[in-house]
Amino acid sequence: NEVTPVDYLEFKHHSYSEILMKSVHEECPNITNVYSLGRSSKGREIMAMVISGNPTEHEIGEPEFRFTAGLHGNEAVGRELILLLMQYLCKEYKDRNPRAQRLVEGIRIHLVPSLNPDGHETAFEGSEMSSWTMGHYTEDGFDIFQNFPDLNSILWDAEDKGMVPKLTPNHHVPIPENFEFNTSIAVETRAIISWMKTYPFVLGANFQGGEAIVAYPYDSLHEPRLTPDESLFRWLAVSYASTHLTMTHNYRGSCHGDIPSSFVLVTMGTKSTSMSVIFCPGMNDFSYLHTNCYELSIFLGCDKFPHQSELAQEWEKNREAMLTFMEQVHRGIRGIVKDQQGNPIANATISVEGINHDVTTAPTGDYWRLLNPGEYRVTAKAEGVAVGGCSWWGRTALASRPLERRPYDEQEEATQHQTYNQSVTNK
C-alpha cells in the first residue's frame, strides 16, 4: 500500500475563486461531479466534489464517505490536502493505479475543501502572516464546529433515567423543535446539517489545525462519557495517526508547549494517555447522535497557515494516512433489508448486541455497520414489519431471508425480530 511520489500536483494556496474543482472535473468527467451544499452568509457557494465510479447517484451497497476542511477559514492545510487528493485520485485512476481504482469504484467519496468560504477569503487575504484568529469564524462570528445542536444532553439525560433504548432510541436523536427559529445557528451550519441528512454517509473526518492530534466523540469534558463505539473510534483514530509520517513521534510535544505528549490521540470527552482538550459538543457528536456517520477531527499541526513551500511536505505526511482512513469505510458489515416482495425497507434499525448504538437503513434499504473484527449478534427490525430476516455480508459470512410485511402487532414485533450471528474479519 506504499504510495509513490508524484510530480503533477499543484502545491500552492488557493483563494476561494481559485479552487480547482472545475479543472479536475474536466480532466476526469466520468468519475467526478461538483455540487453545492448551500451558501455562506455572504452568498458564497459551499462547493463539494464527488469522486466515484458512478458519481451522480448512490449505488446500492456502496458506502458514502466524506472529507471536509475549512470549518475555520484560517486553517489552510486541510483545504489544500483535499484539493491535492482530488488531483491525485483523478490522475491515479486514469493511470490505472489499482489502489486508486479500488477506492474510486468501491466508495462514493465526497470532498469539501472549504466549509467556511467567507472565513477562507478573509484568511487568504492575510495569508500566512495573519493572526491566529483571522478568518477563524464565519462572517457572522460563529465557530462552525461548535455551532451544532447539543444532542448529548438529550441522550445522556434519557440514559440517566434508564430510558435508553426501550423508551428513547440510542441513535438518530431528534433535533430540538426550536432549531428552525434559533438565530444562534449559522447559515453554514444549517447547510452542513441538511447535507449530512441528504446522503447515507458511513464515515468521515474534518481537517482542522492548531494541534497534531486525532479526536473523536464525545466532545464534552463537562460530563465525560465514552461512546458505545469507543474501541471502534479508537481504531479509526489509530488508523490515521499511525500512518501519518510524524503524528505519533514521541518527541513531539503540545503545540502550546505546556503538555508533553507521548501519544497524540485524544478522546474529546475523556483523558487519553497524554492530554485532553475541552470542547462543547460539536460536529462529531452531532454526526454520531443524529446520523449513521462516524465522524472524527484530524488536527494537522501547529501552523494553521504555513508557507506554500511547506505544502509538499504536508502532503507527504498525510497522503498514506488519508488513503488508509478512507479504506476503513469497509470495516465491519453491510447489507440490504427487503420485504418478501423484494422491496427495500428504509429506516429499518440494525442493532448489534452489546453495543448500545444502532444504525438505520438508507432509503434504498442498504446499510453499513462499522465494527472491529469479532463475532456479533446482529438484529434487523422495522416498524410495521414482522422481521423474518435480511441479507448482509461481511468478510466471512452471508445470511439472507426477506422481511415479511404484516399488520403491525407490538407483542409479535417484540418477540419475533430476527437475530443472526455474524462474524467480521478485516484485512
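Where is the place of Met 21? Met 21 sits in helix α1, helices (H or I, at least four residues) and strands (E, at least two) being DSSP runs numbered from the N terminus. This is a predicted model, in which local features need pLDDT of at least 70 and side-chain atom pairs count only at pLDDT 80 or more, while totals for chains, interfaces and linings use all residues. Residues are numbered from 1 along each chain as its sequence is written, and side-chain values use heavy atoms, with hydrogens and water left out.

- Met 21 is buried, with a relative accessible area of 4%; buried means under 20%, exposed over 50%, and partly exposed in between (1.4 Å probe, protein chains only).
- Leaving aside neighbours within four places in sequence, Met 21 is in contact (heavy atoms within 4.5 Å) with Val 34, Met 47, Ala 48, Met 49, Met 86, Leu 111 and Pro 113.
- Met 21 and Val 34 are 13 residues apart along the chain, and 7.1 Å separates their C-alpha atoms.

**Disulfide**

- The structure holds 1 disulfide, defined as a pair of cysteine sulfur atoms within 2.5 Å.
- This disulfide joins Cys 28 to Cys 90, with an S to S distance of 1.9 Å.
- Cys 28 lies in the loop between α1 (21-27) and β1 (32-39) and Cys 90 in helix α2 (residues 76-94), so the bond ties together parts that are 62 residues apart in sequence.
- The link of Cys 28 and Cys 90 is right-handed, with 85° about the S-S bond.
- Both Cys 28 and Cys 90 are buried.

- Beyond four places in sequence, the contacts of Phe 67 include Ile 82, Leu 85, His 110, Phe 207 and Met 326.
- Helix α2 is largely enclosed by the rest of the structure, because 17 of its 19 residues are buried.
- From first C-alpha to last, α2 reaches 28 Å, close to the 27 Å expected at 1.5 Å a residue; the expected span is 1.5 Å times one less than the number of residues.

- Asn 206 is in strand β5 (residues 201-208) and counts as buried at 0% relative accessibility.
- The side chains of Asn 206 and Asn 284 make a polar contact at 2.9 Å; such a contact is a pair of N or O atoms within 3.5 Å, where within protein one must be able to donate a hydrogen and the other to accept it, and residues adjacent in sequence count only if both atoms are side-chain atoms.
- In helix α8 (residues 283-290), 8 of the 8 residues are buried, so α8 is largely enclosed by the rest of the structure.

**Backbone features**

- The peptide bond from Val 164 to Pro 165 is cis, with omega near 5°, and Pro 165 lies in the loop between α5 (152-160) and α6 (187-198).
- Another cis peptide bond runs from Pro 217 to Tyr 218, with omega near 0°.
- Arg 96, not a glycine, has a positive phi of about 65° and counts as exposed at 63% relative accessibility.
- Asn 347 also has a positive phi, near 65°, and is exposed, with a relative accessible area of 54%.
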